[in-house]
Amino acid sequence: MKLKHILGAMTLALVGVTGVASAQNTVRLGALYPFSGGLALLGDESFRGFELAVEKRNAEGGLLGKKIQVFKSDAVDANQAVGSARRLISVDKVQAIFGSYASSISFAATQVSEKEGIPYFELGAISDPITERGYEYIFRSNPTSKGFADRTIDVINEIIAPGLKVKPSDLRIAIIHEDALYGTTVAKYQIEAAKKAGLNVVEVLPYSAKAVDLSSMILRLKGSKVDVVLQTSYQNDTVLFFRQMKEADFKPRAVIGAGGGYSTQDTVNAVGANNMHGVFDIDFTQYLTNEAGAPGLGAFIKAYEAKYGIPPRSGHSLANYAGAMMFFDAIQKAGSMDPKKIREAVLALDIPMGQTPTGWGAKFDKSGQNTRGLPSVMQWLDGKLTTVYPKEAAVAAPVVGQVGK
Amino acid sequence: MDIFIQLVVNGLLLGGTLAIISVGLTLIFGIVRVVNFAHGEFLMVGMYAVYLLYKYSGMHPYVAVLPAIVILFIGGALMQRFIIQPLLSADPHIQIFATVGVSTALLNLALLVFGADVFSVKLNDVSSSTLKLGSLTVVSGQLITFCVSIVLMLLLNWFLHSTYLGRAVRATAQHRYAAQLMGVNVERIYIFAFGLGCACLGLASGLLLPQYPVFPTVGSFFVLTAFVIVVLGGLGSLSGAFLGSMIIGLVDSLAGYYIAPDLKEVVYFLIFIGILIVRPTGLLGLGRGSE
């Protein structure tokens, strides 16, 4: 009997707590990122973008007329992501979760949020299947690996072939990639897209990112008279590739990277600015971008520097900032935190390309993926990662036919 | 045909680089009988040492080899004296855990001090230029590394066979108790051998730095291959390690071209398994009689 009383009292108390939470005058949002461990640096950089978006929104009167209250939760890997998502939902009583930089973390956390019917806004993970599982309440603002792959093929068709004054199908293309999940996924979509565009892919060569010697692969590329190399890689293999390409005197007419090692300043420092001059890179929008194609970019950089005292460390914060702003607008339009209404409002968003700080637009398909979240095309010019495409966002004209100077 | 010759040259030159790293590992493996999982991290420490010497005192990496050898010799000797020696009579697993512990500690220490950034040296001299011999291109830095690896082999061979200390080292490797009975101070020999094995990495660091950038996990790029080489050549056999390095280098280069870059490891592990089935003690292993 006694036990039953106690249980009864506890249930009452719990109901009481829930009652209080829903009647609060703040909007409770969870921020689920890797804040410690190996992914911490860029996880934190991603969170900064979200944090700035929240501050801006709060300064402008908040969301649905209420202040936004953020609950940070650390997820270093998939296991911890599950626990963190559960805690955010059951203990912190958040009404939506924003995250999460890494695809493995996003995969795990969204399983929890979907079951609880809590909207999950993904602002940075690029693995395609995250939005391909038929979930109702996952929405993703950023481009996926397929977007990266499609853009590389766009670069060949719209920049390189016209620049070299040849037909795209006359170019001999090689796809090389590190053989773990990241490289394999992007390469798979690149092969599909190239086939669809009728391009001539002569070599597809995977390699281990831990290789200490890529010279035989380079000899093979040289032997196949490759014009355009598409590489999906991390930092060390990118550095190794460029060094050994120079040693073997292999000079393709263009090299296109898909983010990863191609986007970091460290890589260009190790390879040398001259050796990387003219190399294309597909990635989230970076900072040398024309504000005409990315309104609000300058204000973001200013706010970032004012708050953290340094310039942004990578494009991740910007992508998270722009994505969060997009979703805040949708929630505002939904008029409540009801997941069903939020879904309707997100799917109804219609922002043309070039109207957000990243230059992305917003048009979500039924799976919750933003079909107007497309990566930008950058080029290393004199040691600087410069946006060259799309035209509105470009700060320089692309240099074609030159790799290294 | 040109390409085949180029591939063979590339393979042998890569083998030279691997040889210097593997020789150090096989010395420790064969003499102290400890599987040193921290070998790669010692290489990383050496490369950071050379990098810092280059950056702050402008010392050419090839010159910085000398201080790096001293630093790593001392580091290795200290590790043997204070970490391995107290565990010598313990279960071999415990020694392995101890070296894994050192490896993890060094790796994270490097992450703490230097961060995950990649550092490299920029030199426009003989260490990084390319030589053209007809249709062949050879990186002169790799050629130098290759030559140094041969000299190192000859020197170590002379040392182990023609000096008292060297003979004591070999005696200890063959049978530690018998050596002790013959008046060899086994503990001191172990400390010396561990230091010597690590000192080889000091040599490797200076030779590698003009070609490979340094970062905390750089050791793991080389050391798995080094383990394969050492077992392939026969534990504790110097010439076995050298032969193994050349075989792995050649397989790496040829399989990367003729089969596929991602399958080259499959090929050399197949060869590895094949050789171990035929000769369980490795190509030039001492055979069943040894300790």
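**View 1. Contact of helices α2(B) and α4(B) in the predicted model.**
In this predicted model, Glu41(B), Met44(B), Val45(B) and Tyr48(B) of α2(B) meet Ser103(B), Leu106(B), Leu107(B), Ala110(B) and Phe114(B) of α4(B). By class, seven residues of this contact are nonpolar, one is polar and one is charged. Helix α2 of chain B covers residues 39-57 and helix α4 of chain B covers residues 92-114. Two packed helices are described by the angle between their axes and the distance between the axes. For α2(B) and α4(B), the angle is about 30 degrees and the axes are 9 Å apart. Angles under 35 degrees count as roughly parallel, and α2(B) and α4(B) are therefore roughly parallel to each other. The crossing of α2(B) past α4(B) is left-handed.

**View 2. Contact between chain A and chain B.**
In chain A, 24 residues are in contact with 24 residues of chain B. On the side of chain A that touches chain B, the elements giving two or more residues are β7 (200-207), α7 (215-223), α8 (235-247) and α9 (265-271) of chain A. Helix α7(A) supplies six residues, the largest share of that side. The residues on the side of chain A that touches chain B divide into ten nonpolar, seven polar and seven charged.

**View 3. The seven-stranded sheet of chain A.**
This open sheet of chain A has the strand order β7-β6-β8-β9-β10-β11-β12, with mixed pairing. Its edge strands are β7 and β12 (384-389) of chain A, each of which pairs on one side only. On average, neighbouring strands of the sheet are turned by 25 degrees against each other, direction ignored. Two helices that pack on the sheet are shown with it. Helix α5 of chain A, residues 145-164, touches β8 (228-232), β9, β10, β11 (376-381) and β12 of chain A. The direction of α5(A) makes about 155 degrees with that of β9(A). Helix α6 of chain A, residues 181-196, touches β6 (172-178), β7, β8 and β9 of chain A. The direction of α6(A) makes about 160 degrees with that of β6(A).

**View 4. Strand β8(A) and its pairing with β6(A) and β9(A).**
Strand β8(A) is mostly covered, with five of its five residues buried. In a regular strand the side chains alternate between the two faces of the sheet. On one side of β8(A) are Val228(A), Leu230(A) and Thr232(A), and on the other are Val229(A) and Gln231(A); both faces are covered. Strands β6(A) and β8(A) run parallel and are joined by five bridges. Within that pair, Ile176(A) has Gln231(A) of β8(A) as its bridge partner. Strands β8(A) and β9(A) also run parallel, joined by four bridges. Here Val228(A) stands opposite Ala254(A) of β9(A).

**View 5. Strands β9(A) and β10(A).**
Strand β9 of chain A (residues 254-258) and strand β10 of chain A (residues 280-283) pair in the parallel sense over three bridges. The bridge partner of Gly257(A) in β10(A) is Asp281(A).

**View 6. The hairpin of β11(A) and β12(A).**
Strands β11(A) and β12(A) run antiparallel and are joined by five bridges. Met378(A) has Thr387(A) of β12(A) as its bridge partner. The hairpin has two residues between the strands, and Asp382(A) takes a positive phi near 50 degrees. Five of the six residues of β12(A) are buried, so β12(A) is largely enclosed by the rest of the structure.

**View 7. Helices α11(A) and α12(A).**
Helix α11 of chain A (residues 316-334) and helix α12 of chain A (residues 339-348) have axes that come within 8 Å and cross at roughly 120 degrees. The two helices α11(A) and α12(A) are therefore oblique to each other. The crossing of α11(A) past α12(A) is right-handed. From α11(A), the contact is made by Phe327(A), Ala330(A), Ile331(A), Lys333(A) and Ala334(A). From α12(A), Lys341(A), Ile342(A), Glu344(A), Ala345(A) and Val346(A) take part. By class, the contact of α11(A) with α12(A) has seven nonpolar, no polar and three charged residues.

**View 8. The five-stranded sheet of chain A.**
The strand order in this open sheet of chain A is β2-β1-β3-β4-β5, and the pairing is parallel. Strands β2 (67-74) and β5 (138-140) of chain A are the edge strands, each pairing on one side only. The twist from one strand to the next averages 25 degrees. Strand β3 of chain A, residues 96-99, pairs in the parallel sense with strand β4 of chain A, residues 120-122, over three bridges. Phe98(A) stands opposite Phe121(A) of β4(A).

Notes. Residues are numbered from 1 along each chain as its sequence is written. Chains are lettered from A and ligands numbered from 1 in the order in which they are written. This is a predicted model: local features need pLDDT of at least 70, side-chain atom pairs count only at pLDDT 80 or more; totals for chains, interfaces and linings use all residues. Axes are lines fitted to C-alpha atoms, for helices over the stretch in contact, and angles run from 0 to 180 degrees between N-to-C directions. Angles under 35 degrees count as roughly parallel, over 145 as roughly antiparallel, 65 to 115 as roughly perpendicular and the rest as oblique. A crossing is left-handed if the near helix is turned anticlockwise from the far one by less than a right angle, and right-handed if clockwise. Two residues are in contact if their C-beta atoms, placed from the backbone, lie within 7 Å. Ala, Val, Leu, Ile, Met, Phe, Trp, Tyr, Cys and Pro count as nonpolar, Asp, Glu, Lys and Arg as charged, and the others, Gly among them, as polar. Two strands pair if DSSP finds at least two bridges between them. A residue is buried if 20 or more other C-beta atoms lie within 10 Å of its own, exposed if 12 or fewer, and partly exposed in between; C-beta atoms are placed from the backbone.
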